[in-house]
Amino acid sequence: MRLYELIKEVAETSLPDMEITGLTSDTRAEVTEGSIFVCIKGKTFDGHDAAKQMLEKGCAAVVCERDLGLDKQIIVSDTRAAFPMLCAAWFGHPERELELIGVTGTNGKTTITTVIKKVLSGFGCKVGLIGTCQNEIGDEIIPTARTTPEPYDLFELFRKMADAGCKYTIMEVSSQGLEQKRVQGCHFRVGVFTNLTQDHLDVHGTMENYYQAKKMLFDICDTAIINIDDKYGERYTKEIPCPYKTYSVSKRADYRAEDVMLGTDGVKYVFSDGKVKKNVSFNMPGLFNVSNSLAVIACMEELGYTPCKTIAGFEKIQGVRGRAEIIPTGRDFTVICDYAHTPDALINVLSAIKESAKGKVKCLFGCGGNRDRTKRAPMAAAAAEHADFLIVTSDNPRDEDPDDIINDVLKGLEGKDTPYVRMTDRREAIHWAIKNAEKDDIIVLAGKGHEDYQILAGGVKIHFDEREVVAEALKEL
Ligand SMILES: CC(=O)N[C@H]1[C@@H](OP(=O)(O)OP(=O)(O)OC[C@H]2O[C@@H](n3ccc(=O)[nH]c3=O)[C@H](O)[C@@H]2O)O[C@H](CO)[C@@H](O)[C@@H]1O[C@H](C)C(=O)N[C@@H](C)C(=O)N[C@H](CCC(=O)O)C(=O)O
Ligand SMILES: Nc1ncnc2c1ncn2[C@@H]1O[C@H](COP(=O)(O)OP(=O)(O)OP(=O)(O)O)[C@@H](O)[C@H]1O
Ligand SMILES: N[C@H](CCC[C@H](N)C(=O)O)C(=O)O
Ligand SMILES: [Mg+2]
């Protein structure tokens, strides 16, 4: 691609036009002679410091935010914002060939995006999915390391999706993704907001910043679908610039649920939008999944599918991996694997399970290292409030000492009388939970959901699949 064609939407330059062979913002990536290097200043590394060295390596030019005294520099005001736009141009603007649906919120993104994809696929549409568990192009599965990919990976994925004939791409848009402008230049047909509760304060600092980060999605979408059961959702309805529709499980809203019946493995309710009333059966438990299913119905209507059609499409959906997933035991107790890793998610999933539990609800959980430390004690307090017994263990310790993390967690149990055991090794903890299971117990393994790994110090990833560990433990009974 020619330089002028590539950069025309982000900058002007007096450099001669030339053939560009590649584009990166990472010194660790392989660079070909003739590449463009975009200097991004992060918390730990500043790409500007590597600009000269990247030109020496053969880069054709660097894109930077200040005069670096280099003869092959192109100055822009914001390189983080420029990079995705360059990636979009590099891949021939695939985002314009797709109808993008973005889902944001602390919890529910993976559930909603996955269900929308399953419903649309059931109607014979070829759909792209971008999210925490994996990326999907139709039936093809592409592993991922992020919820919202870094710009180069994102636009490369869009290109593959457009080339494969996908009409829609449904994606999770994380607050970090918005904050770091990973989706700059994208326009969304629909933007969904689920809820805003405590998480990621390590990145955003305050709930207000977290709220503002998510709000950015609504500057770049045609229509918003907003959960007004959430107080921040109510606030969005007064502050966002785009038209919106609302959903609620308790109040008057464009899309609402009445006569809700909560069961162990699913929910039933009467859907109402003021015009139609229709019985819904959705195979995922908890009131929060009534809410998630309303978001799906609302979003699908924006895409041209009536609520009745979407509700009929729910029949074939048997849940989402690692989201209140029942792991078969063949015994008189139940094991559920769930991805709850925030105080609110724990409250929701545990109270949903407790409602229909005959025996004790025992929650095994830990907290991730290198992530929001301020959610640890509130997670423990939430678990203590809604479970009968706790097994406090590790999640992904990353670079932190697992026992230090557990000490932070246990601060949330001070003054509570919920009994607990502490067991640093998660495999050992699961074995202990299974060995000590009593009749009618429901053991909730929280926090890792779909993950089939554990992340240790230095980014070392070991294979760890809760389903396999449970099977191992059952064999020892
Ligand atoms: C906390 C956080 O979000 N950090 C992101 C942030 O890191 P940072 O500001 O420290 O950046 P940096 O490492 O200093 O790098 C700055 C620039 O220099 C480059 N670099 C860096 C090092 C080097 O040797 N050479 C080099 O060129 C980097 O490619 C980057 O362009 O900017 C980087 C570049 O854009 C991201 O890769 C990095 O994501 C890290 C890896 C991460 O773990 N992010 C997670 C928390 C995240 O984004 N999670 C959300 C979802 C959460 C959810 O599902 O709830 C997600 O969307 O996945
Ligand atoms: N609407 C909801 N409200 C509150 N909690 C929810 C909701 N939907 C799901 N949960 C809980 O949160 C957990 C995570 O759900 P899900 O993976 O759908 O969210 P997410 O927004 O994609 O999370 P992440 O940001 O980590 O990708 C679930 O396992 C469940 O415990
Ligand atoms: N995707 C989220 C959730 C991770 C869940 C948990 N397993 C952990 O590692 O903390 C994050 O990066 O914060
Ligand atoms: Mg997710």
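Good morning. The domain assignment divides this protein into domain 1 (3–79), domain 2 (94–314) and domain 3 (325–476). Please bear in mind throughout that the model is a predicted one. Between domain 1 and domain 3, the C-alpha centres are 45 Å apart.

In an unreviewed entry, it places the feature "domain: Mur ligase central" at residues 103–299. That stretch is 34% helix and 28% strand, and its end C-alpha atoms lie 10 Å apart. The record also lists, again as an unreviewed entry, "domain: Mur ligase C-terminal" at residues 322–449. Here the chain is 34% helix and 20% strand, with 4 Å between the end C-alpha atoms.

Four strands, in the order β1-β2-β3-β4, make up an open sheet with parallel pairing. Its edges are β1 (22–24) and β4 (73–75); each has a single partner strand, so one side of each is left without a neighbour in the sheet. From one strand to the next, the twist averages 20°. Within this sheet, β1 and strand β2 (residues 35–38) run parallel and are joined by 3 bridges. Which residue in β2 is the bridge partner of Leu-23? The partner is Ile-36. Helix α3 (residues 79–90) packs on this sheet, where it touches β1, β2 and β3 (61–64). The direction of α3 makes about 155° with that of β2.

We come now to a sheet of 11 strands. This sheet is also open, its pairing is mixed, and the order reads β8-β7-β6-β9-β5-β10-β11-β12-β13-β14-β15. The edge strands, β8 (140–142) and β15 (277–282), each pair on one side only. Neighbouring strands are turned against each other by 20° on average, with direction ignored. An antiparallel example is the pair of strand β13 (residues 255–262) and strand β14 (residues 267–272), which is held over 5 bridges. In that region, Arg-256 has Ser-272 of β14 as its bridge partner.

Two helices on this sheet deserve mention. Helix α11 (residues 307–314) packs on the sheet and touches β14 and β15, with its direction at about 25° to that of β15. Helix α4 (residues 109–122) lies across β5 (99–104), β6 (127–130), β7 (135–137), β9 (168–172) and β10 (188–193). Relative to β9, α4 runs at about 165°.

Let me turn to the ligands, starting with ligand 1. How many residues surround ligand 1? There are 20, and the closest are Gly-42, Lys-43, Arg-146, Thr-147 and Ser-174. Domain 1 (3–79) and domain 2 (94–314) each contribute at least three residues to this shell. By class, the shell comprises 3 nonpolar, 12 polar and 5 charged residues.

Ligand 2 has 23 residues around it, the closest being Gly-108, Lys-109, Thr-110, Thr-111 and Ala-345. Two or more residues of this shell come from each of α4, α10 (287–302) and α12 (343–356). Helix α12 provides the largest share, namely 4 residues. The composition of the shell is 5 nonpolar, 13 polar and 5 charged. Why does ligand 2 lie between domain 2 and domain 3? Both domain 2 (94–314) and domain 3 (325–476) give residues to its shell, so ligand 2 lies between them.

Finally, ligand 3. Its shell consists of Thr-132, Thr-147, His-341, Gly-368, Arg-371, Asp-395, Asn-396, Gly-447, Lys-448 and Glu-451. Of these residues, 6 are polar and 4 are charged, and none is nonpolar.

Thank you for your attention.

Key: Residues are numbered from 1 along each chain as its sequence is written. Chains are lettered from A and ligands numbered from 1 in the order in which they are written. This is a predicted model: local features need pLDDT of at least 70, side-chain atom pairs count only at pLDDT 80 or more; totals for chains, interfaces and linings use all residues. A residue is near a molecule or strand if its C-beta atom, placed from the backbone, lies within 6 Å of it. Ala, Val, Leu, Ile, Met, Phe, Trp, Tyr, Cys and Pro count as nonpolar, Asp, Glu, Lys and Arg as charged, and the others, Gly among them, as polar. Domain bounds come from an automatic or database domain assignment. Two strands pair if DSSP finds at least two bridges between them. Axes are lines fitted to C-alpha atoms, for helices over the stretch in contact, and angles run from 0 to 180 degrees between N-to-C directions. Two residues are in contact if their C-beta atoms, placed from the backbone, lie within 7 Å. UniProt positions are given in the numbering used here, feature names are shortened, and annotations may be inferred rather than shown by experiment.
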